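I opened my notebook for a quick walk through a new chain. Here is what I looked up, entry by entry.

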Amino acid sequence: MPANAVRADYLLGKAWLAAGRGDLADHYAARTLAGCAAAGLADFDLAYAHELHARALAVQGRTDEATAAADRARGIPIADPEDRALVEADLADLPG
């Protein structure tokens with residue numbers, strides 16, 4: 001799956017989050033994570049895939065799992081300092 005398809009799945013997941021549909025957001029989080037693995041995407045893309053998963057879990061009330069997913073997002077090495085700052089800012093309101 002090319003990077004643009006992975007990013008499209010991420011955006012669809014975010015849209016479902018905005019609609020309050022954690023179940024569908026989680027579906028797209030799984031697709032995003034699988035797409036990252038298939039395309040060899042890491043860094044920024046992988047961190048955001050875990051961020052989406054954490055938020056989808058949180059919306060569903062699965063707090064412990066959401067915290068673990070947020071911790072995985074925070075643990076992804078990101079080479080570019082500006083990208084790292086963006087990810088950290090976006091993760092600041094997640095549990096963990």
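**Surface.** How much accessible surface does the chain have, and what share of it belongs to carbon and sulfur atoms? I noted about 4900 Å² for the chain, with 58% belonging to carbon and sulfur atoms. Those areas come from the Shrake-Rupley method with a 1.4 Å probe, and for residues only the protein chains shown count as cover.

**Ground rules.** I am working with a predicted model, where local features need pLDDT of at least 70, side-chain atom pairs count only at pLDDT 80 or more, and totals for chains, interfaces and linings use all residues. Residues are numbered from 1 along each chain as its sequence is written, and side-chain values use heavy atoms, with hydrogens and water left out.

**Overall build.** I found five helices and zero strands, in the order α-α-α-α-α from the N terminus. Helices here are DSSP runs of H or I with at least four residues, strands are runs of E with at least two, and both are numbered from the N terminus. The radius of gyration is 12 Å, close to the 12 Å of the globule rule for 96 residues, so the chain is as compact as a globular protein of that length. That radius is taken over C-alpha atoms, and the rule is 2.2 Å times the number of residues to the power 0.38. I also noted a box of roughly 30 × 30 × 20 Å, along the principal axes, filled by the C-alpha atoms.

Of the 96 residues, 39% count as buried (under 20% relative accessible area; exposed is over 50%, partly exposed in between, with a 1.4 Å probe and protein chains only). I then looked at contacts (heavy atoms within 4.5 Å). Among those with a separation of 6 or more, 59% come from residues 24 or more positions apart.

**Aromatic rings.** I counted two aromatic pairs. Rings of Phe, Tyr and Trp (its six-membered ring) pair if their centres lie within 6.5 Å; planes under 30 degrees apart are stacked, over 60 edge-to-face, and the rest tilted. Tyr 10 and Tyr 48 make an edge-to-face pair, 5.9 Å centre to centre with 75° between the planes. This pair links distant parts of the chain, with Tyr 10 in helix α1 (residues 3-18) and Tyr 48 in helix α3 (residues 43-59), 38 residues apart. Both tyrosines are buried. Ring pairs join Tyr 10, Phe 44 and Tyr 48 into a cluster.

**Helix α3.** Which residues does Glu 51 contact, leaving aside neighbours within four places in sequence? I listed Tyr 10, Lys 14, Ala 73, Leu 91 and Leu 94. Glu 51 lies in helix α3 and is buried at 2% relative accessibility. His 50 is in helix α3 too, buried at 11%. Not counting residues up to four places away, His 50 touches Leu 33, Ala 69, Arg 72, Ala 73 and Ile 76.

I stopped at Asp 43, also in helix α3, for its positive phi of about 55° although it is not a glycine. Most residues other than glycine have a negative phi. Asp 43 is partly exposed, at 25% relative accessibility.

**Cys 36.** Is this residue buried or exposed? Cys 36 is buried, with a relative accessible area of 1%, and sits in helix α2 (residues 22-39). Beyond four places in sequence, Cys 36 touches Val 6, Leu 41, Asp 45, Leu 46 and Ala 49.
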